[in-house]
Amino acid sequence: MTDSKMSPTRGLDDPLLTSAQIIQRTEELAREVRRDFGETDLLLVGILKGSLYFLADFSRALGGEVEIDFIQVSSYHGEKSSSGVVQIRKDLDSNIEGRDVLLVEDIVDTGTTLSHLRELLQVRKPRSLSVVSLLSKRVAKGNLFDVEYVGFEIPDEFVVGYGLDYGERYRNLPEVFILRDEKLQ
Ligand code: IMP
């Protein structure tokens, strides 16, 4: 299929982050986490659906003993959330009591999702609960919410690819692109 109209990146600018950059940073993050936790058995909790590819690459870069579980929360993104409350749509299969849990997220924007998720999961008494997020817009937003491990601080732009979607599209792009307003449909 050579028709450029079929290209999923049609209309997008050059990648903000290339595959090589993502992989290199993912390996660095994995080393940081292993340095902090040693060879401890970690429970990685992927936040569906955006963390899909990052979780796959990060878990393989970590090596050692890991278990993987998933959680899905209600998404209010792009809507005005009056309550700001995040609800669980798909819960974990595992009991996290006494476990070292690492939440794996694609992007932190306002930090609302993660702060609510932390509260919800702390109640279940994990031994530790940390967060690794590939991307963060925190600096742009001036949000001081703590994320232990961040791959890249990015500008306050809407991004897609490598798991991140716009209306469920673009997730399967191997790189991260800015989706500018004029391209939002
Ligand atoms: P927060 O609760 O404001 O931190 O938003 C986090 C969630 O919003 C992420 O898990 C994403 O699902 C979504 N999100 C935030 N920014 C973007 C973006 O630039 N592209 C795609 N999804 C985003």
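Predicted model: local features only at pLDDT ≥ 70, side-chain atom pairs only at ≥ 80, totals over all residues.

Visitor: What follows helix 2?
Guide: Gly63 follows, with a positive phi near 65°.

Visitor: Back to Phe54. Which residues is Phe54 in contact with, leaving aside neighbours within four places in sequence?
Guide: Phe54 contacts Thr26, Leu29, Val104, Glu105, Val132, Ser133, Leu134 and Tyr162.

Visitor: Now the largest nonpolar core. Which of its residues touch the most other members?
Guide: The core has 26 residues, and those touching the most other members are Val33, Leu44, Phe54, Phe58, Val132, Leu135 and Val159. At least two residues of this core come from each of helix 1, strand 1, helix 2, strand 4, strand 5 and strand 6 (149–153). Helix 1 gives the largest share, five residues.

Visitor: What lies apart from that core?
Guide: Another core, of 18 residues, lies apart from it; Leu43, Ile47, Val73 and Val101 are among its members. In soluble globular proteins, nonpolar side chains tend to be buried together.

Visitor: Changing topic: what order do the strands have in the sheet?
Guide: The six strands form an open sheet in the order 3-2-1-4-5-6, and their pairing is mixed.

Visitor: Which strands stand at the edges?
Guide: Those are strand 3 (88–90) and strand 6. Each has a single partner strand, so one side of each has no neighbour in the sheet. From one strand to the next, the twist averages 30°.

Visitor: In what sense do strand 1 and strand 2 pair?
Guide: They pair in the parallel sense, over seven bridges. Within strand 2, Asp69 is the residue that stands opposite Val45.

Visitor: And where does helix 1 pack?
Guide: Helix 1 packs on the sheet, where it touches strand 1, strand 2, strand 4, strand 5 and strand 6. The direction of helix 1 makes about 155° with that of strand 6.

Visitor: Charges next. How many salt bridges are there?
Guide: The count comes to 16. One of them joins the side chains of Arg25 and Glu28, at 2.8 Å from N to O. Both residues lie in helix 1, three residues apart, which is about one turn of the helix.

Visitor: Is Arg25 buried or exposed?
Guide: Arg25 counts as buried, because its relative accessibility is 18% and the cut-off for buried is under 20%.

Visitor: What about Arg35 and Asp36?
Guide: Their side chains also meet in a salt bridge, at 3.5 Å from N to O. Arg35 counts as exposed at 62% relative accessibility, whereas Asp36 is partly exposed at 43%.

Visitor: With which residue does Lys90 form a salt bridge?
Guide: The partner is Asp93, and the closest N and O atoms are 3.8 Å apart. Lys90 is partly exposed, with a relative accessible area of 27%, while Asp93 counts as exposed at 70%.

Visitor: Finally, which residues are linked in a network of salt bridges?
Guide: That network links Lys49, Asp165, Glu168 and Arg171.

How values were computed
Residues numbered from 1 in each chain as written. Heavy atoms only, no water. Helix = DSSP H or I, 4+ residues; strand = E, 2+ residues; numbered from the N terminus. Core = buried A, V, L, I, M, F, W, Y, C linked by side-chain atoms within 4.5 Å. Buried < 20%, exposed > 50% of the residue type's maximum accessible area, 1.4 Å probe, protein only. Contact = heavy atoms within 4.5 Å. Pairing = 2+ DSSP bridges. Axes fitted to C-alpha atoms, helices over the stretch in contact; angles between N-to-C directions. Salt bridge = Lys/Arg side-chain N within 4 Å of Asp/Glu carboxyl O.
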